[in-house]
Structures are given as C-alpha cells and as structure tokens.
Amino acid sequence: MLMLIKNFKCAIFSSLVIFSTLCFGDDLSDGVNAYENENYALAFTILEPLAKQGDTEAQFYIGLFYGAGHGVAQNYKEAMKWYRLAADQGDSDAQYMIGYHYDEGLGVDQDYNEAMKWYRLAADQGDSDAQFYLGVHYDEGLGVDQDYKEALTWYRLSADQGNPYAQNALGLLYETGQGLEQNLKEALKWYQLAADQEYSAAQLNLGLMYEEGLGVDQDYNEAMKWYRLAANQGENAGQYSIGRLHEEGLGVDQDYKEAMKWYRLAADQEDVDAQYRIGLMYDNGQGVNQDYSQAMMWYRLAGEQDDEYALNNIGVLYETGLGVDIDYKEAMTWYRRAADLDNATAKLNIGAMYEKGLGIAVDNAEAMTWYQLAANQGEFEALYAIANMHQYGRGIPKNPTIAKIWYERYANSEGFKKESEGIDKTPPVGAKRNEIRDASSLLAWFQWLASSPGNIDAQYRLGLMYHLGDQVSQNDVLALDWFRQAAENDHADAQHMLGMFYENGISTPTDYDLAVYWYKRSAEQFNGIGMRRYGAIHELGRGTPIDHLEASRWYKKAIKHGSIDALYALGRLYETGLGVHQNYTAASKYYSKAVEKNHTGAMIKLGLMLEQGRVRKPDHKKALEHYRKTTKSSGLLEISRSQEHLYKHVGKQHAERLEAIISNTTIQKYTNVKFGHYYALIIANNDYSHLKKLRTAVSDGQTLEKLLREKYGFSTKLLTNASRRETLKTLNSYKKELNENDNFLIYYAGHGNMDPETKDGFWQPVDAEETDDTEWIANDRINRIIKSLPAKHVMLIADSCYAATVMRGPEKKYSVKKSLATLERMIGLKTRVALASGGDEPVIDSVPGAKHSVFAAALLNILSENDDVLYAGSILPLLRKEVVYAASNAKLQQTPEYSGLNKLGHDGGDFIFVPKILRNF
C-alpha cells in the first residue's frame, strides 16, 4: 500500500524561510541573512526595531523567533501576536503560520475551523503550503466533511506550483481512486515529480509502484533504487522495504543478515513492521540464531503499537512455551487483542483453545463461532477445522455430508492451493458438491487430500478414521500406514500414535525401542500426548530403565501442553510417592483437574480418595458420584478403547460396592457394636547418632500415622528420631491416658538387636551405641509396660531386626469366621498381640527407589484397601506373600510373624481395625 506522509508541518515550518520570496530593504536583508546564517542574536537585534515600526516581513520573522525559540525563550503566544500583526497587513506567510498554530494547538486551543479560515486567506493569495493543508483537511475530514474532490482541487493548485507534498498527495488520490477515476500512470507521474525534489515519502511510494508493477512494468532494481534514496534520508519505511527485499530475495540474492541490518535501522525509529519482522526472524532462526526470548521482546515492541500479527505471535509463544513458561490464559489474552484488531489467525487460534480446553473450559460451540469468524476472513485452516467439527460431531450434530462440503471448500481455497502447489488438483470421483451422498465420498476426499505431500494433517486424520472405525471399516493395518506417512513428515500427533502402535503391538510386532523413538520425536515438538506417553515409557521401563522421577518430569511438561491423561498419571505418582514426595493433596488436585476434562480413570481415583478421606473427612456421596460418572465414555483420544472399557468396569464395581455401604447393608451390622476408642503411638527412627542411619522408617511412620488417623479414626501420636528416655516416657504416659475398653496400637520402626548369648531382643533408639547397651530398650521392659496398660486391646507392630524376639512363644495359628457374634466375642476378650516384620533375623530397610520398607509398604497397602472390619491376625498371610517375595528378590530371607503375648495377659481376643465410617456413620 502506498503512503502519504501527513506530518509535513514541521518540515514546512523549518524550511519556510528558505523557500519564501521576500522583499526587504537593506536593514531587513541584513536581518534575514543573519537569521539564515543562524546568527540569531544579531538577526533579532536588527529585525525587532523594524517589526515595532510596522514592517510586515520583520513582524513575521519575529514570530518565527518566538515560535521556534531561536535566540529567545520559546513563546507561542508571543509568536501568535507578531504573526497576527503581519497577517492583518495581508502577509500570506503569517496567515499560513496562524493556521498552522490553530491546527496544532500551539499557544491557542486547537481549532480546525479557525485553522482553515487562515489557511484559506493564505491560499487565496497563492500560498502553496496553505493550499496543500486545505487539501489535507478535506482529505481527512478535519473541521469539514470529508470531500476528496475538494481535496483534489487544493492539492492540484499546490502541486502545480511544485509543492512536493501536494504532488505526493495527488499521486495517492490517483492511485487509490479517491475523488476521481483511478489512474496508476497519473499517480506514477506525480510521485516522480515529488521524488525528483527528494521528498522521501514520494520516493518510497515510487519504489512501491515499481515493486508491485503498478502503472509501470515490475522492476525490483528500480524499486530498490528509490527505497535507498528514501532510506538515505532516514525514512524508516524505506529502510524496512530494503530489508524486506533482501529477506524475500526480490531483485537481490536472498540475504537474511542484510535484511536484519536494514530492519534494525528501521526498528530504531520504532517502525512497527520492522519490529515484527525482527521478531519473526528470531522466531524462525533466519539470519540469526533462533532465540524465542528475543522474538518475544520484538513482538512485544510491535504489539505495543497494536501490530495484530505480533500480538497473535505472542499468544503462540505463550501457548507453546517457547521463550516463556506455558500460560494458556496469557496466550488467550494476546489472541483476543489480535482478534480485536480483526486478525483472522488469532480467531482461528481462539477457536482451537476452546476446542482443546486450553486455559479455559472446553466449549465446542464457542470454538465453532471463532472458526466461522476466521473462515469468513479467508483463513483457510479454519475451513478444515469446521470440517472436523462436523465430521466428529463436536458442538454440533455429527454430519459427514456437511463435513465433506467444508473439506471441499478447504481444498478449493487459495491457501490450500499455495501449500499444495505441484500436486494433482483433480478432485476424486464423487467429489462435486451435488454428488455428495454418503461417507464414502468423505473418505475419497480425505484420500485425495492426504495424497498431497504437504497435507500431513489429512494423512493423520485418515489414519485416525481407520483406527477408530469412524465412517469406515476399522482397519489398523491401513491406520498404521497413514500414521507412518504423517509421522515421517513430522506430524506430532501421528508420531505418538505410531509410537502407541509399536508399544502395544497393534498390527505390527511390539517394539519398545521404536515406541520410545516416536514418542520422543513427538515430545520434542511439544506435543502434550507425546510427552505423556514418553513419560509413561519411563515409568513402565519399556525400552528404557524404570525412572519415576523422569516420568514425573515429562508428565509435568505434558500437562503444560494440554495432556489430560498426564494429569491422571502425575496424580497417581503423588498418591504413591513414586518419583515425587507422597502428597495426597497434590494427587487430589491433579485427579480433580483430570475429572474436569472427563477422564474416567481419574474419576475412580478421586472417588477412592474421597471415600477413604485421604485429604479431608470421607465423603461417600461425592465418591459415588464420581464412580457413577465412569459409565459414560470420556471421548478422550489419549485413552485407548480397552483402557476406557476397564475404567468403566472398575468404576461400576466401586459404585455398586459403595451403594451397598451407603444403603447401610454393611454399616447396619455394626450399629450396636461397642468398639471402644482407638489410640496409636508410632515411633519411627532414621537419624541415628552412632548407628547406620535408616532411610524409610520416618516416612513409614508418617504415612501410617496419617492413615490410622484419617481412615480408622485413631487418636495418634508420632515420635520421630526419639531417644531412649523420650520413648519410655511416652509409653508410660499411656498408663494414665487409656481406659479399660480402649484399643492401643504401638508401632516401632528403627534399629533392633539381639544378645547372642541370652537371645534377648532390644529396640535401639537414636542415642543407642553399637557395643554399649546403656541406651538400648530391652524387650522385657516393653513387655512390662504392655502388661500394665489398662486398655483391653493392645497390639505391638515392630519393623526392626530381630523383632520377633518380643514374642517368645509359638506362632498363633489364626482362623476366625467373620460374623457379628464372633466380632462381639473378640471385642470382649483381652488382647495382647504382636506383629513382627521378621523372625530372629535382620530385615530389609528398603529396596532402591522405594519410599517405604518392604514390610511397611505391604502393611500400608492392606490397611489402605480395607473397607470392612479387619482382624489383625488375618493380615499375616497377606503380608507374608508380599514381603517374602520382595526379600527373595533381594537375595535375603524375611518372614513376618504374628502371635499372642500370653504372658502379658492375652486371653484369645484379637486387635480389630475398623474404618471410622463404620463406627461413626
């Protein structure tokens, strides 16, 4: 588009003296010469007396002194006083300057009507500058109704006098056809006249005429000549245009570095187009090292001047996390700013944000609205997006016939034709609009679109259609082929789908190495699903060693890039403490976010956490709501059909189970049972002063304390890294705290030892020494305390070496029927029992990568999954199965033991774990 530089006033103001034809006497001539030679003090001394004597020209010059601040303090009001004196005597230059001051509001209130009055007085005397400005006012509608014909009249009067500004303005009217019939040759003539007078704006416009071949044969060399002339005068648009020719290789060899040099010159003058282009070059790594931070900086500079393309690209950087942290809300803010300036691509991007639910709730209807707005402006990718919405029924009824119409529009669009130059443009059989009847024609269109080397998305979509059996017979062999084609052409979604085929052996032999390869390529393109699956490969150890920490890192990246399944996966890691610190609150947060996106697996996990009270008190009603939601399909591509089916099945089972609990079928059995109060003391020692430090004891104790308190309703006390004195003092305190119907659990995790001569066992607190047993606590001391406790039911659980030495008796063979009568009988019998992590032997603290000891992990798992009355004796076989297996893998022997402590008053009862929901419903 050609340019009319409208801010000519300062140039005219400063050059007015030089170009004006004035007649002065000798004194006046001396004063004028002194002014032009910038000897302002002498000039003022000569001219001021003449002005006071009424000399018109001298009065005008004194006005210039005050208006420009030459030799005197700048004072617009004083300048206007002298201009008026000269103007009242008919001086056209003074009349013009008064009009200029009213135009700009210098020393007076801005007043276009008053400005035009004075311009007209000067113009009527043939003043070309005043004639030009009258033309500007009519051209732009300043103080008058816009009138191109009237503007043309005044521009022509001024141009005929050789005024370059008017000649350039006249050229612009002829070029655009405003106020007269468009005439490019006439426009070229007037631009040439102005350019020959070294007017930079006209030189720039002349260059554009030659570049675009308007009114003249296209000639990039001639365009470059005029751009350089304009640029040499500091014209930023000329500098920008030179840069653009070098960037695009028009008339010169393509040279990104030379382009960058000229863009920077223009950008130094705040040229918005140059700022945007520099950002683009850093974005794409053209002529400079790719640097997204630099790209962002230049885009922001252009965005501050409301460049719609820069605003959109800032949104893209925030959406993709290039040079900045991913921030979907920030991306949406920038997209909206660009869309407000009518940027079609930004509207397309807003539609995609709504469709994908990035930083905002999924809203397919809103997505369709934005896609339609973008399509109406010729954004051809929006045509494709609309076709997809119709094909898959997103926000609108599924309709392959209408989808095909939109695919046809996409294929016939100029944008698609440019992207697919050189391919067969012949539509497939049955592709004419009046022949669209069924899905087969849609398939034909997709096959034709996919045949384009540049249309990799169609290749991916075709693979998806075959994989899902969407409007075609399900065929994973064909799906694999299309996914492979698109993946090899760097389609990120196709790459993670191809990886899934190799990982799961779908229509190809299972190959974890290839799965890793394709997942990694997808992840490197910042594809959220690719990142999620690449993380899962590390979690499962398929084609790469098991690495939960690395898995968690990729899940976090995937979440930033919109992966819903990654929310579920990361929640699971936080719940289990694999690769991250165990944190039920964090797990619940990620599950909740996944549930908001309709993830069925997360519904089950969140339901279990709500049911078990992992974060707050149990909420069976909300848990049941989540279980019931799993009956509906999630519609998430990230979840395979087999996985979706499994989630539905498990969700249904949990719903039926919880419905039974809520309907009191389980709870009602225990309504009248008096279980008594539950207390627990957990002692967990890691940080030993003289013995080897342990790694998991404190973590075991902390997790058990929370589980007993939140799920089972125990009043708990946790001692970590306790001394001998602190341990014994706390144990003894329960002699006063407990009552005869209470239940008391003691859990010890720490070092233990055994005297080889006497076979006596000991706990070793954190102040214990290796060979000095002064600070050791003998089992006999523990037993005396247990025997003296008033509680009816006491259980000791010891996870330490030689823990079973506390028992000193045969193992209890446990078998009891789960009936209400048996339960009440067990509650009535005094209980003193012990559960040891191993026999008279060393036990395993932990295995590499685990957060808990082998024994504690198994115990916690059993207690976590229990939903009914659980007899302590029934725990043993479950514990042994897991602990013995884990110990054998570590080439050790460890066998948990359980027994009644008959010498301490055991009378045949058992310690009973009861979820608090069954006791306090």
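Colleague: Is Leu-250 buried or exposed?

Modeller: Leu-250 has 18% relative accessibility, so Leu-250 is buried; buried means under 20% relative accessible area, exposed over 50%, and partly exposed in between, with a 1.4 Å probe and protein chains only. This is a predicted model, where local features need pLDDT of at least 70, side-chain atom pairs count only at pLDDT 80 or more, and totals for chains, interfaces and linings use all residues. Residues are numbered from 1 along each chain as its sequence is written, and side-chain values use heavy atoms, with hydrogens and water left out.

Colleague: Which residues does Leu-250 touch, not counting residues up to four places away in sequence?

Modeller: Contact means heavy atoms within 4.5 Å. On that count Leu-250 touches Glu-211, Tyr-220 and Leu-245.

Colleague: How is a pair of packed helices described?

Modeller: By the angle between their axes and the distance between the axes. Axes are lines fitted to C-alpha atoms, for helices over the stretch in contact, and angles run from 0 to 180 degrees between N-to-C directions. Helices (H or I, at least four residues) and strands (E, at least two) are DSSP runs, numbered from the N terminus. Helix 11 (residues 184–196) and helix 12 (residues 200–212) pack at about 140°, their axes 8 Å apart.

Colleague: What orientation do helix 11 and helix 12 have to each other?

Modeller: Angles under 35 degrees count as roughly parallel, over 145 as roughly antiparallel, 65 to 115 as roughly perpendicular and the rest as oblique. Helix 11 and helix 12 are therefore oblique. Among the residues that meet are Leu-188 and Tyr-191 in helix 11, and Leu-206 and Met-209 in helix 12.
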